Amino acid sequence: MATHVHLGKSDVSVHPVGLGTNAVGGHNIYPNMLDEEQGKEVVRTALNNGMNLLDTAYIYGPERSEELIGEVMSEYPREEIVLATKGAHRFVGNDMVMDNSPAFLKQAVEESLRRLKTDYIDLYYIHFPDEKTPKDEAVGALKELKDEGKIRSIGVSNFSIEQLKEANKDGYVDVLQSEYNLLHREAEQDLLPYTAENNITFIPYFPLVSGLLAGKYDENTRFTDLRLKNPDFQGERFKQNLAKVDELKEMAKAKGEEVADLVLAWYLTRPSLDVIIPGAKRPEQVKSNLRAAEISLSEEEIKGIDQIFS
Ligand SMILES: NC(=O)c1ccc[n+]([C@@H]2O[C@H](COP(=O)([O-])OP(=O)(O)OC[C@H]3O[C@@H](n4cnc5c(N)ncnc54)[C@H](OP(=O)(O)O)[C@@H]3O)[C@@H](O)[C@H]2O)c1
């Protein structure tokens, strides 16, 4: 397994296992978040153990995740960190809208730089598409920021295949971040083939289905957070999901690995999927997830995992 990989066509190089930080920063819509010191400790654990990619967003907190990450970053040489953040959410009074207009994206990048206390962002994503901005114009604004040295690579997130193609008309997109995991494989239809053909790095979010694929839950587990409303954690579907995870557990046991690591290692075998950003709530989870980059899966194991979830 490569120790570092490039993001798309850019010169930004990352360890294949990064840290998803939506639990860092007291995200006020998720009750089960970390307190601020716990969150900073998780980020430090990641950086101290070889991860260099930190994935945050303006909306995590909102603002607070970026601020806390900025505080931890100031304890490390800046060049050791690959900082990814995202913008598009705009508050109009109490309402939240998506805005991909060039003027708004440029302003959002300036505000993220201020909160992160840095003078460049290694990977800046348009977090969600809006309804009206042509996607190549939105990405064109990010290209201008790249030329000015304010960002080093360009990402889009939650884009459909049509939106991605429009965004990448001039070939400027380096990264697509989309939901993809063993339970939700829709990206295999069109997004993954497109990223593989166009030298775009595909970074999946919810790789562990919010912990479900880590093999630690059973039918008696009671959730107190957003998972209460997530269909993957409800009734018959939850039971079927747990049965699949039980099959994975057998495979993991035979290989002497953790279930979560087996799952994460499987993603890294997908074309163009060179980087993962599992979220972690405890330092031990960070360390365990790093192991995914060391695991090599045989063709038979790759097919076996595929079949459990096909
Ligand atoms: N672009 C977007 O729109 C978007 C949307 C969502 C997420 N994201 C990004 O993607 C990242 C990943 O998503 P996510 O964190 O929501 O979900 P996830 O990676 O599927 O699940 C993370 C959760 O799984 C559990 N876990 C992690 N490692 C584990 C291990 N080794 N053993 C056992 N349990 C483990 C922890 O929860 P428990 O300990 O509570 O079980 C952790 O919070 C986010 O942090 C964020 O940066 C982006």
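**Note on the predicted model**

1. Start with the hairpin. Strands β6 and β7 form a hairpin with 2 residues between them. G93 sits in the turn and has a positive phi of about 65°. Strand β6 (residues 89-92) and strand β7 (residues 95-98) run antiparallel and are joined by 4 bridges. V92 has D95 in β7 as its bridge partner. On terms: strands pair if DSSP finds at least two bridges between them. Helices (H or I, at least four residues) and strands (E, at least two) are DSSP runs, numbered from the N terminus.

2. A word on the basis. This is a predicted model, in which local features need pLDDT of at least 70 and side-chain atom pairs count only at pLDDT 80 or more, while totals for chains, interfaces and linings use all residues. Residues are numbered from 1 along each chain as its sequence is written, and side-chain values use heavy atoms, with hydrogens and water left out.

3. Strand β5 (residues 82-87) pairs with strand β8 (residues 123-126) in the parallel sense, over 4 bridges. G87 stands opposite I126 in β8. Contact here means heavy atoms within 4.5 Å. Axes are lines fitted to C-alpha atoms, for helices over the stretch in contact, and angles run from 0 to 180 degrees between N-to-C directions.

4. Which helices cross at roughly 95°? They are α7 (residues 235-255) and α8 (residues 259-267), whose axes come within 9 Å. The two are therefore roughly perpendicular to each other (65 to 115 degrees counts as such). L248, K249, M251, A252 and K255 of α7 make the contact with V259, L262 and V263 of α8. These residues divide into 6 nonpolar, no polar and 2 charged. Ala, Val, Leu, Ile, Met, Phe, Trp, Tyr, Cys and Pro count as nonpolar; Asp, Glu, Lys and Arg as charged; the others, Gly among them, as polar.

5. Now the ligand. A backbone N or O atom of G20 lies 3.4 Å from an oxygen atom of the ligand. A side-chain N or O atom of Y60 is 3.4 Å from a ligand nitrogen atom.

6. Two backbone details close the note. G61 and P62 are joined by a cis peptide bond, with omega about -25°. P62 is in the loop between β4 (53-55) and α2 (64-73). K117 is not a glycine, yet has a positive phi of about 50°. K117 lies in the loop between α3 (102-116) and β8.

Conventions
Parallel < 35°, antiparallel > 145°, perpendicular 65-115°, else oblique. Polar contact = N/O pair within 3.5 Å; in protein donor to acceptor, adjacent residues only side chain to side chain.
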